Protein chains: 2
Amino acid sequence: MTALEIQGQAARSAERVLAVAGTDKKNAALAAIAQALLTHKDEILAANAADLDAARAAGMRPALVDRLALDESRIAAMAEGVRQVAALPDPIGEVTHTVRRPNGLLIGKRRVPLGVIGIIYEARPNVTVDAAALCLKSGNAVILRGGKEAFRSNQALSELMRRALEDAGLPRDCVALVQDTSRESAWALMGLTEYLDVLIPRGGAGLIRSVVENARVPVIQTGVGVCHIYVHEKADLPMAAEILYNAKCSRPSVCNAAECVLLDRAVAEDFLPMAWERLRGKKVEFRGCPETCAILPQAVPARDEDWDTEFGDYILAVKVVGGQEEAMDFIAEHGTGHSEAIVTADYFAAQRFLDQVDAAAVYVNASTRFTDGFEFGLGAEIGISTQKMHARGPMGLEELTSSKYVIYGTGQVR
Amino acid sequence: MTALEIQGQAARSAERVLAVAGTDKKNAALAAIAQALLTHKDEILAANAADLDAARAAGMRPALVDRLALDESRIAAMAEGVRQVAALPDPIGEVTHTVRRPNGLLIGKRRVPLGVIGIIYEARPNVTVDAAALCLKSGNAVILRGGKEAFRSNQALSELMRRALEDAGLPRDCVALVQDTSRESAWALMGLTEYLDVLIPRGGAGLIRSVVENARVPVIQTGVGVCHIYVHEKADLPMAAEILYNAKCSRPSVCNAAECVLLDRAVAEDFLPMAWERLRGKKVEFRGCPETCAILPQAVPARDEDWDTEFGDYILAVKVVGGQEEAMDFIAEHGTGHSEAIVTADYFAAQRFLDQVDAAAVYVNASTRFTDGFEFGLGAEIGISTQKMHARGPMGLEELTSSKYVIYGTGQVR
């Protein structure tokens, strides 16, 4: 057996214990983890300092170094995050859809953990703790495979969580960190069919594509967002400008930020200067279709690939369309099924958009930036699913569960 | 573009129309399909006769020829099945989890179709109609890829459904049959990531394993069942014998049939002769562990692989265990997560089994044969999922749906 298979087998055994551990025990373990993060912060910071030294020596860009860096306040925030997960309702055990069949069988659908969840992620070490806390609360064992840049930090964090689990009377193997950060180890994890019930990639488009293309275990695809704001001819234009500003500029690096605005021809001449004015403070580059460039001299011509790009930056693709059908066709072709918004005062246009646009979240008169587990009231988020199977949109604790039918009989045969 | 990609693109367009078609229109199309099956039964029978001739000429086994064969009563049963699907409640459009957030956003989770569903299946042509009806009712376009033995029958059935769809005012491309039945076409379908939202294999273990191993599109794994009946020391033994008889003998070829009985040592001497007596009329072969063979002279020694085999026949693996923990460990090791049953009069043993056994359906004092969409009251069944993601156990119409968040705003920004 490989080292990874041994970890998988241990996680599988641990999961069987965790699945029936009960809310009190899981919450006690989460409290122990939160406390251990604070108590052992010096260990964590020392490991992180070693990662940072290596990263700087390897010439990592400052923005990435910042994502890798931990300090006392970031550790305190992780601990607080774990406490908040402990305070959420336990999704496990609820029985729904209970029916008494004509033959007397009592059949219910009981919510159970998925089992063993794999998480593949990149630089941020806080994912190690966030993801583990959400998996534990929902009764799942977790196998974490972080980026090599954060290995020492992740190792310190996971070891501390494993000790805290054991102190709380749960198997330490409920949390495991893959010890090999080579590309081969990611491939091996994607093929660990016997021990992984689901694999969730968290990171950039390249990572997610690689997992979707190569995994043989079931995957929940997360996070790539080419989101549109469609300004309908009956839009309140100042409202549209505020929504666009927020969707593009409040945090351009995240997946629910807007990348493209679609404008009805009837309002293009009025709206474009207004939008330019509202966004110019952030030096947003407008990459426009020919009509846009003709109206707005500050726009630069868009290239074909701009319509399909998640810029993650202060760049906005701008296209004038001939009406709602063209806008919705454009979204169907270029959207990634993440978040799409229409700005309109027209009732029928709003309903048509909600009905026909196929995305995890479809908005009328609001910013796409709200697509988020906390904003939607789920209390937590492990990622945003852009696939249709299992979970769609922000995933909270319930989305980390499965079900099993439990059947109470008195000797029934068929 | 390949022929399959062209079909995929057409299905994607058709799906956008079907997704918003409304219940009346979908039901009218289903009624038209049911009628067309009856009206055009001679076309269907002629195509089927050609398939049967070719199959016999190729030396197909009589049992398989029977699965392939259609007659008037089987066609009438297909039409009646389509009418029953039309009569089921439409799963699409319901909005759940609606919340008003503190910022005034109204957020709801609307049930929507999955999109385009691929079905890969083997000999039975009735799957062509059953699967299409369930997909249509749930608003999904479907790409069918049946076995080559049934190609002429499937072609007649699908063309008739496509004409009926068009007559009812829906795109004919809501239903498509892959025209190439080579192994390569199955592989191409498994990789059709741009046009398929989910792929469901229906057939034997080999087909399902091949799809799970090779597909790059999301898969719902169905149907392999190595199911156990565990006779606990506190079991009502005559009840256990009836349940075992039903689970093994009522239809041995199906996935919810039992393959293995586990016996507590305390009851093995009493139960084995009773079970033999009850099952001997069906000439069931008992393949036993050494203890079983020592007690029951009619048993033959089990080979290692018998503990992991879905016999699909009048063969039963029999093992004596030292108690419930050993039985549950054995099930965890050799079960396929389909259906597992305990027979016991002990309250705590029953609860422990329901809690700790990890399967789609877990029974106390009833036959595993009940794991079925109709028996569970779902009104229909497209297969039985043995995975944990998305759907688990019998899948009805709701399991062919996804969701999208719909958000009603008044200009909210974050």
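Two strands pair if DSSP finds at least two bridges between them, where strands are DSSP runs of E at least two residues long, numbered from the N terminus. With that in hand, look at A:Tyr405: it stands opposite B:Ala361 in strand 13 of chain B. Strand 13 of chain B covers residues 361–366, runs parallel to strand 16 of chain A, and is joined to it by 5 bridges.

A word on ground rules. This is a predicted model, with local features needing pLDDT of at least 70 and side-chain atom pairs pLDDT 80 or more, while totals for chains, interfaces and linings use all residues. Residues are numbered from 1 along each chain as its sequence is written, chains are lettered from A in the order in which they are written, and side-chain values use heavy atoms, leaving out hydrogens and water.

Now zoom out to the whole interface. Here 76 residues of chain A touch 76 of chain B, contact being heavy atoms within 4.5 Å. Together the chains bury about 6,000 Å², 49% of it on carbon and sulfur atoms; that's accessible area (1.4 Å probe) lost on putting the two parts together, summed over both. On chain A's side, A:Met389, A:Tyr405 and A:Arg414 supply 15% of the area buried against chain B, more than any other three residues.

What about charges? There are 14 salt bridges between chain A and chain B, each a side-chain nitrogen of Lys or Arg within 4 Å of a carboxyl oxygen of Asp or Glu. One of them links A:Glu375 to B:Arg414 at 3.3 Å, N to O. Strand 16 (residues 401–412) gives the most to chain A's side, with 11 residues.

Methods:
Helix = DSSP H or I, 4+ residues; strand = E, 2+ residues; numbered from the N terminus.
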